[in-house]
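Dear colleague,

I am passing on the structure we spoke about, and below it I have set out what was found. Please read the notes with the model open beside them.

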Amino acid sequence: MRATATEQTFLLPDLGEGLTEAEVVQWLVAAGDVVAVDQPVVEVETAKSVVEVPCPYAGRVGVLHAAEGECVEVGRPLITIAAEGEATPEPEPQATPEPDPAAEAYRTEEQAGSGNVLVGYGTSAHPGAGRRRRPRGARPTAPAAPALAVPAPAAPLAAAPAAPPSATAVLAAGDGRAAPGNGRAASGEAHDSRPVRVISPIVRRLAREAGLDLRAVPPTGAGGTVTRSDVRAAIERARATSAPVGLPTETPETPGEHRIPLGGFRRAASRVLSRSRAEIPEATVWVDVDATALWDLREATRRPDDPGPGLLAHIARFVVSALADHPVLNARFDAERDEIVVSDTVNLGIAVQGENGLVAPAVLGADALTTRELDVALRDLTTRARAGRATPEELTAGTFTLNNYGSLGVDGSAAIINHPQVAILGFGRVIDRPWVVDGQIVPRKITQMSFVFDHRVCDGATAAGFMRQVADAIENPLPALVRL
Amino acid sequence: MESEWKFDQYIYMVINEDLMLPTREPVMLLDPEGRPTAGDGAALPAPDDLVRGLAGMVAARRFNEQSSVLVRQGRLAVYPSSYGQEACQVAAAQVLDDGDWLFPTYRDTAAAVARGVDPVEVLGLLKGDWHSGYDPYERRVAPLATPLATQLPHAVGVAHAGRLRGEPTVVLAMCGDGATSEGDFHEALNFAAVFRAPVVFFVQNNQYAISVPLSRQSAAPSLAHKGVGYGVPGELVDGNDLAALLAVLSAAVGRARSGAGPQLVEGRTYRMQAHTNADDATRYRTDAEVAAWADRDPLRRLDAYLRTQGLLDDARAAAHADAAERLARHTRDGINVDVVPDPADLFAHVYSRPTPQLVEQLAQVRDELSRDEPSPDATGADAPNRAEAR
């Protein structure tokens with residue numbers, strides 16, 4: 001915690017075993033307010049949950065260091081409190097050491113995963129990002145992070161003038177295991193696939209983050225071990241000898257552009273969307289549907305005191321019915337075992353534009369509901385979801401998604417399947433179009449339906465059969481209703 | 001010795017196995033509204049014990065709240081709260097004599113505080129000091145055990161050793177519902193029963209092992225039933241009724257001290273908050289379930305009883321709250337002090353004579369740290385060597 005004599009700044013702490021940042025959801029205090037010790041001052045959202053953060057200082061609020069919706073990194077200033085008159089004696093302000101690159105790196109390393117802090121717990125800085133360990137045999141020194149901008153990529157950073165020319169030879173000799181006359185090592189090209197000896201894993205990380213090849217860093221540690229100071233020195237040399245260089249942790253700004261960091265919600269969504277597009281071989285079919293009959297039916301059931309079920313509820317009911325006849329579409333795909341996992345019930349997801357972004361909460365057990373019950377459930381669910389109040393179960397339990405993009409005023413969409421589901425059915429806006437009925441061009445209520453499906457679970461014929469069943473029910477609802 | 005063993009076997013034979021089984025319903029002396037369950041309340045512990053217990057629970061709750069705040073301020077790495085389980089925490093400490101031992105788990109910080117360990121030191125493990133704790137001998141409280149049930153065989157060993165030495169020591173070993181599925185639980189109970197070790201096994205059944213509900217943990221009629229298979233009497237208690245806990249645990253401690261062997265006590269309670277700050281409990285249980293347990297709060301129950309008996313007034317309650325507030329401030333102030341660790345301490349306290357490997361590693365660490373100093377050309381100063389300056 002950083003402070004002057006009269007001001008104390010509270011730095012955002014790690015709020016849950018290895019988290020690296022949090023998004024400010026809402027400030028509970030404003031500049032000028034007086035706060036007590038441990039009073040909650042801000043609500044933040046981490047990768048795990050929404051948390052109220054209590055302030056450790058009493059006094060008057062000076063600065064709020066982030067706007068609502070902004071992300072704050074752990075360890076960065078959150079709020080500054082000025083001492084207020086005869087404030088209760090607080091512990092001596094702790095001086096925060098100047099950010100030390102090594103210490104920062106250590107902290108970053110620590111946050112990459114906290115390990116098993118308590119039984120059953122362990123965290124990863126990359127939830128859902130797949131395997132945490134590098135496969136055996138992969139080179140640990142491969143630069144993964146954005147490289148330090150160096151004009152001549154062919155020259156390893158440490159081969160800059162200040163470095164001894166035979167850096168890797170020194171390393172190989174010091175290692176004591178290199179075969180004599182190992183031409184590659186001696187040539188300084190650094191293609192030896194054996195890992196370089198380092199004093200600590202932190203050294204590898206420091207090098208990786210700087211885009212530095214460890215095999216080209218002259219080691220000074222005992223037995224040819226590369227130390228942190230070796231890597232830092234190599235980074236310094238690279239900086240001194242190369243034209244404009246920014247630390248990799250700084251934002252790579254380009255004139256004429258500005259960067260918008262993704263909020264926690266959008267980042268989580270982007271992972272699901274990317275995963276869907278990366279994993280699912282999808283195919284799309286679409287058809288124009290004459291919804292006049294269903295429209296009329298809906299109008300006919302409208303009463304002054306009771307509007308009756310909406311179009312969406314009717315369509316949802318037809319979808320649930322068609323899923324019963326095409327169960328593979330109400331499923332998820334288990335790629336590990338090459339199996340289609342069919343769900344016994346239909347949890348009908350509905351795409352809703354919420355306050356934070358698009359969500360697809362599900363009406364649980366939709367196959368057990370009548371059209372009227374579906375109508376009530378859908379209205380309730382969409383209202384809550386828009387306010388960000390759908391339950392975690394509703395947000396994750398969907399087995400099939402209905403996408404009413406027509407409400408956004410468009411006709412068609414090649415939507416992205418809500419992974420791990422296998423299909424998404426979309427409807428465009430319903431508008432009057434000229435349509436041929438019995439040889440006459442007449443105005444009708446037309447909507448376009450699109451159906452995106454995972455081609456691994458079925459072929460086009462099944463998908464088309466499913467969509468046609470829904471389309472037929474919309475165009476000719478009475479026989480469909482009789483069958484329900 | 002021969003005759004003693006025969007006598008022990010005789011005692012075992014006359015204990016009817018039915019007597020080892022717990023009651024069908026948890027023992028409850030005060031109902032959730034604070035009314036005595038048996039009319040006259042004659043079975044209740046002495047008034048002074050109850051008032052002392054309430055003061056302890058008020059302090060324990062404040063300690064839980066303060067610790068949860070400290071974790072959200074980054075001052076503790078993690079805090080497994082016993083919020084809602086304060087009756088179990090306080091009773092476990094209160095029934096022991098100074099010469100007895102308490103073996104707590106990671107969630108039993110409030111019990112360690114109730115036994116008199118400095119709260120700042122109790123939180124050393126959860127804050128992350130290099131030594132992770134306090135002096136166990138000072139208040140006879142073993143280190144907070146994070147691995148499940150490992151503390152139980154240790155507790156049995158201490159109890160058995162005390163008995164071999166002819167000391168009157170009783171050990172109260174705490175664990176949770178999840179720990180009863182561990183092999184160590186079995187071994188500890190079996191050994192304790194066979195050797196008649198003076199141990200009270202106190203299971204706080206708070207219904208969840210992180211996210212695993214009791215129904216997926218055990219198919220036994222109750223966790224207290226597990227005792228009979230080892231020849232250990234089991235007792236089931238309302239874990240939110242401090243009066244019942246004091247009565248049952250005191251009896252068990254007395255029984256163990258008299259040489260009658262171990263006992264298993266299950267306190268049926270509820271973990272009101274998430275497992276830790278790294279857990280989101282709404283993913284596996286409903287708000288309605290939690291709300292139902294809020295009506296069974298241990299503090300409210302005893303507070304109501306003591307007020308109807310004229311044993312508690314507003315002035316006394318305020319004194320309890322003040323004491324709790326002082327405890328919270330002491331905790332906060334102590335935890336807010338940054339301790340700068342000396343890496344050399346890592347090598348100092350495990351071996352009286354360090355091994356050659358440790359000597360080598362210590363040299364390596366010193367060398368590495370000495371390289372952190374700014375190079376002369378950067379500062380022009382001969383900065384002191386940090387590692388050697390110590």
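In what follows, helices (H or I, at least four residues) and strands (E, at least two) are DSSP runs, numbered from the N terminus. This is a predicted model, in which local features need pLDDT of at least 70 and side-chain atom pairs count only at pLDDT 80 or more, whereas totals for chains, interfaces and linings use all residues. Residues are numbered from 1 along each chain as its sequence is written, while chains are lettered from A and ligands numbered from 1 in the order in which they are written.

To begin with chain A, A:Ile417 is found in the loop that runs between β17 (400–403) and β18 (423–427) of chain A. Why does A:Ile417 count as buried? It does so because 21 other C-beta atoms lie within 10 Å, and a residue is called buried if 20 or more other C-beta atoms lie within 10 Å of its own, exposed if 12 or fewer, and partly exposed in between, with C-beta atoms placed from the backbone. Although A:Ser276 is 141 residues away along the chain, its C-alpha atom and that of A:Ile417 are separated by 6.3 Å. If neighbours within four places in sequence are left aside, the residues in contact with A:Ile417 (C-beta atoms, placed from the backbone, within 7 Å) include A:Ser276, A:Ile280, A:Val422 and A:Val452.

Turning to chain B, it has 18 helices and seven strands, and 45% of its 390 residues count as buried. Five strands of chain B form an open sheet in the order β1-β2-β3-β7-β6, with parallel pairing, where two strands pair if DSSP finds at least two bridges between them. At the edges are β1 (101–103) and β6 (234–238) of chain B, each of which pairs on one side only. Five bridges join β6(B) in the parallel sense to β7 (residues 263–268) of chain B, and B:Leu236 has B:Glu266 in β7(B) as its bridge partner.

In soluble globular proteins, nonpolar side chains tend to be buried together.

Technical notes. Two residues are in contact if their C-beta atoms, placed from the backbone, lie within 7 Å.
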